[in-house]
Amino acid sequence: MTTRRRFLHGSLGLCAVFTVRFARAQASPRVVVIGGGFAGASCARALKRFDRRIAVTLVERDAMFTACPFSNEVVAGLRELRAQEFRLDKLAGDGIELARQEATGIDPQARAVALADGARLSYDRLIVAPGIDLRWGALPGYDEAAAEGMPHAWKAGAQTLLLRRQLEAMEDGGLVVISVPANPYRCPPGPYERASLIAHYLKAKKPHSKLIILDAKDAFSKQKLFQNAWVELYPGLIEWVSLSAGGKVTSVDAKARSLATDFQVYKPAVANVIPPQKAGQIAELGGIVDRTGWCPIDPVTFESSAQPSIHVIGDAAIAGAMPKSAFAANAQAKVCAAAVAALLAGAAPQSPKVINTCYSLVAPDYGISVAAVYTPTNGQLAEVAGSSGVSPTDAPSSVRTAEAKIADGWFRTITTEAFG
Amino acid sequence: MRCRSAYPAVALLAIAQLSVAAAAEMPPGASSCSGCHAVSTGVETPVPGLIGRPAADITTAMEQFRAGQRPATVMDRIAKGFSQAEAAAIAAWYAAQ
């Protein structure tokens, strides 16, 4: 009774409003979520937690999600791929309907999603969380066939293992090249974490080898921290070639396993080509991408700027200053779920604050981070002044060890929240 | 209480809305915390949980993080993204869970 009274007291002000609106509304508002990654799974769960009456259907072709964070440890032989794999079964236990199908189209007028088996799912609100697709051909010579010889390993799974096998098969003294695209792409510090952990492997197992990063940029996330750590941990092993130093790869030749810049042709033993990216294909099919290939959104609700009642979260969205990270995807998912629950109840969504925290490992016991708080400012998610920053450059090794441990704890926490 | 006694159906609808009311009351920023601060028990992590922690503990920690007076990894940065009032609202929300 105490609980009920307290609750009723808190809800009295809303009673009248809800009476009118729910008399008109259907009993069970329908939300369809496309994509069972960090964004989609977190959003489906948060929707159910915020309002159990919402009928939530999660559309995902795969029974298992393979997580990218920490997959660089798999590449470097420090972790097995199964530690990255998460079944989606437990979401069904939360009352979420799982549609094990590929979404093949969106009809914004009819508010329906088409599935590969011909079925159609109607929605009141649609959440699109497809992650990234690779822009095959955007880098001349790099298509799906080329990726079988020169792996991207930018979607975790078979490609991750392929890159690992190539490193294991390489002779001591071999050259590894990582090609990095211009912004924006999934996980801004990811290529440099990968270079670090591959260097960790090479230093221990193939110490005469060398790693070159060919970059289409002149600056990168946590740059000073990475570069200091490379000097400290892997002296002479990693070379970073910036855009202005001629680092941009302009074409690749899969047969010759070579990469060309404007100045030089590289012929490494192992070539990891991280190609330009775009929002997952369903976003394009649904007409919610702009000329950049990504999805513009409202920073309060994550509703598409192109189509009403469709929301976009995670890597596919243009979330202002927020990077494309798993933490950001999970945080956006919860904000979007609250906004959608409010909209379905006829209430006004509140202006959010959204956090991003992103750890990188430069060695298994050496972690560095970047963090910031974001809020809608002039129609974009912008950093709150003073909240953004990276780990101190002069921190003692105890701080690096602590950040590596926290990174591990973060991965357990976020995967439990999304899939556990 | 008039709402409940005069219109039982209204009260039922309102009860059904308990969870939405809870979502609406979740203050800005609070939902991001659970990315690191586990809501589920049994997650192996060095990061302390926030659920049920006294609000004063959280607000004090946030003030010390903001002022650089408490050893931190990322919280010294994140704390600067919230005013005292915002941090207090988040603390109260987690304390009440």
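This is a predicted model: local features need pLDDT of at least 70, side-chain atom pairs count only at pLDDT 80 or more; totals for chains, interfaces and linings use all residues.
1. Two strands pair if DSSP finds at least two bridges between them. Four bridges join β12(A), residues 210-215, to β13(A). The two strands run parallel.

2. Which residue of β13(A) is the bridge partner of A:Ile212? The partner is A:Glu239.

3. Now the sheet around that pair. β12 and β13 of chain A belong to an open sheet of four strands. Its order is β13-β12-β11-β17, and the pairing is parallel. Where does the sheet end on each side? The edge strands are β13 (238-241) and β17 (270-273) of chain A. Each of these edge strands pairs on one side only. From one strand to the next, the twist averages 15 degrees.

4. A helix goes with this sheet. Helix α6 of chain A covers residues 190-205. It lies across three strands of chain A: β11 (175-180), β12 and β13. How does helix α6 run relative to β12(A)? The angle between them is about 170 degrees.

5. Chain B next. How many helices and strands are there in chain B? There are seven helices and zero strands. Along the sequence, chain B reads α-α-α-α-α-α-α.

6. Burial and contacts in chain B. The chain has 97 residues, and buried residues make up 37% of them. Take the contacts in chain B with a separation of 6 or more. Of these, 53% are between residues 24 or more positions apart.

Key: Residues are numbered from 1 along each chain as its sequence is written. Chains are lettered from A and ligands numbered from 1 in the order in which they are written. Axes are lines fitted to C-alpha atoms, for helices over the stretch in contact, and angles run from 0 to 180 degrees between N-to-C directions. Two residues are in contact if their C-beta atoms, placed from the backbone, lie within 7 Å. A residue is buried if 20 or more other C-beta atoms lie within 10 Å of its own, exposed if 12 or fewer, and partly exposed in between; C-beta atoms are placed from the backbone.
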